[in-house]
Amino acid sequence: TYLCSKTAAQRIALQEKPIKLIFILRHPTRRTISNYLHLLKSGRAIYSLEDTLRYDPNSIIRRSLYKGQLETFFKYIPRHRIKIVLFEDLISDKKSCLQDICEFLGIDGNKFDASVFDMHSNKTRIPKNIKLQLIRNKLARKSSNYRYSRFLPVKAEIYKKQPLAYRVIDKIHNAINPKSAKFSFEPNEATIKLLDNYFKTELHGIDELIQKDIFQTWFGYDL
């Protein structure tokens, strides 16, 4: 969330403490699709993936444009205080990756219980039927305001209680279209190819920027 914010970089740089930052970068196409699924199940996506890319691409693409965002942070914060981790490395060799992070933070990774290396607390729950979820989202477009208002320390009066109509829609929808980690979402191959080609252009030079072979990991070749 902070990576795409220039304001965040500027404010962090103003702090007197030598704050260290860790950015986890995921394959940009997969992160974009994951972003879409998050908007979908939280009630904010009202179009298919392809139509979202057509009508509101910034809502799911922006946070995958890592190169320009990292350049901004490097401008304000010394590089030795920024750690770049590939999501794919974290998944394939979690223990080694976390030990590397511990070294960066100056803490003893051996003190952690071995079970922490097997934890996964953010498994994606996909709606059983995507089209039904989109219909629900269109019928209750403003309901997401209530969903996120509960995290605010002071809630606006109009968001303190979700209207009856939204509650009825959600009750019916959740009964006929449950979300579960066992359901999958298979994007169109042409859409994946389109996104891959777009990010190959937009992220050109990122290998040199962070001194990692990202393109080899993500796209199967070096620049």
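**Stop 1: helix α3**

Select R54 and D51. These two residues sit three apart in helix α3 (residues 49-55), so about one helical turn separates them. Show their side chains: R54 and D51 meet in a salt bridge, at 2.3 Å from N to O. Before going on, note that this is a predicted model.

Now colour the pair by accessibility. R54 is exposed, because its relative accessible area is 52% and the cut-off for exposed is over 50%. D51 comes out as partly exposed, at 25%. Side chains of opposite charge can pair when their charged atoms come close.

**Stop 2: the other salt bridges**

How many salt bridges does the structure hold? There are four. Two more are on this tour.

Select K83 and D100. They form a salt bridge, and their closest N and O atoms are 2.6 Å apart. K83 belongs to strand β2 (residues 82-86) and D100 to helix α7 (residues 94-105), so the pair ties together parts that are 17 residues apart in sequence. Check the accessibility of each partner. K83 is buried, with a relative accessible area of 17%. D100 is partly exposed, at 34%.

Next, select D170 and R136. Here too there is a salt bridge, with the closest N and O atoms 2.8 Å apart. D170 is in helix α10 and R136 in helix α8, so to speak of their positions: this pair links distant parts of the chain, 34 residues apart. Are these two residues buried or exposed? Both D170 and R136 are buried.

**Stop 3: a nonpolar patch on α8 and α10**

Select L132, I135, L139, L164, V168, I172 and I176. Together they form a nonpolar patch on the surface, with about 650 Å² of accessible area. Helices α8 and α10 (164-176) are the elements that give two or more residues to the patch. Which of them gives the largest share? That is α10, with four residues.

Pick out L164 in helix α10. L164 counts as exposed, at 57% relative accessibility.

**Stop 4: I130**

Move to I130, in helix α8 (residues 130-139). Show what surrounds this residue. Leaving aside neighbours within four places in sequence, I130 is in contact with L40 and F185.

**Stop 5: the largest nonpolar core**

Hide the surface. In soluble globular proteins, nonpolar side chains tend to be buried together. The largest nonpolar core here has 38 residues. Select F23, L25, L70, F73, I206 and I210, the residues with the most contacts inside this core. Which helix gives the most to the core? Helix α2 (residues 28-41) does, with five residues.

Zoom in on I206. Apart from neighbours within four places in sequence, I206 is in contact with L25, Y66, K67, L70, I214 and F215.

Now find E71, in helix α5. With a relative accessible area of 37%, E71 is partly exposed. Draw a distance from E71 to I210: their C-alpha atoms are separated by 9.6 Å, and the two are 139 residues apart along the chain.

**Stop 6: the two sides of α1**

Select helix α1 (residues 6-14). Its buried residues are A8, A9 and I12. They cover an arc of only 100 degrees around the axis, which puts them on the same side of α1. What covers them? The cover includes β1 (21-25) and α5 (66-76). Turn the helix around. On its other side, R11 and L14 are exposed.

**Stop 7: the Q211 loop**

End at Q211. This residue is found in the loop between α12 (206-210) and α13 (214-219). Is Q211 buried or exposed? At 66% relative accessibility, Q211 counts as exposed.

How values were computed: Residues numbered from 1 in each chain as written. Predicted model: local features only at pLDDT ≥ 70, side-chain atom pairs only at ≥ 80, totals over all residues. Heavy atoms only, no water. Core = buried A, V, L, I, M, F, W, Y, C linked by side-chain atoms within 4.5 Å. Buried < 20%, exposed > 50% of the residue type's maximum accessible area, 1.4 Å probe, protein only. Contact = heavy atoms within 4.5 Å. Arc of directions from axis to C-beta. Patch = residues over 30% accessible without salt bridge, like charges linked within 9 Å, V, L, I, M, F, W, Y side chains within 5 Å. Areas by Shrake-Rupley, 256 points an atom, 1.4 Å probe, with all protein chains shown as cover.
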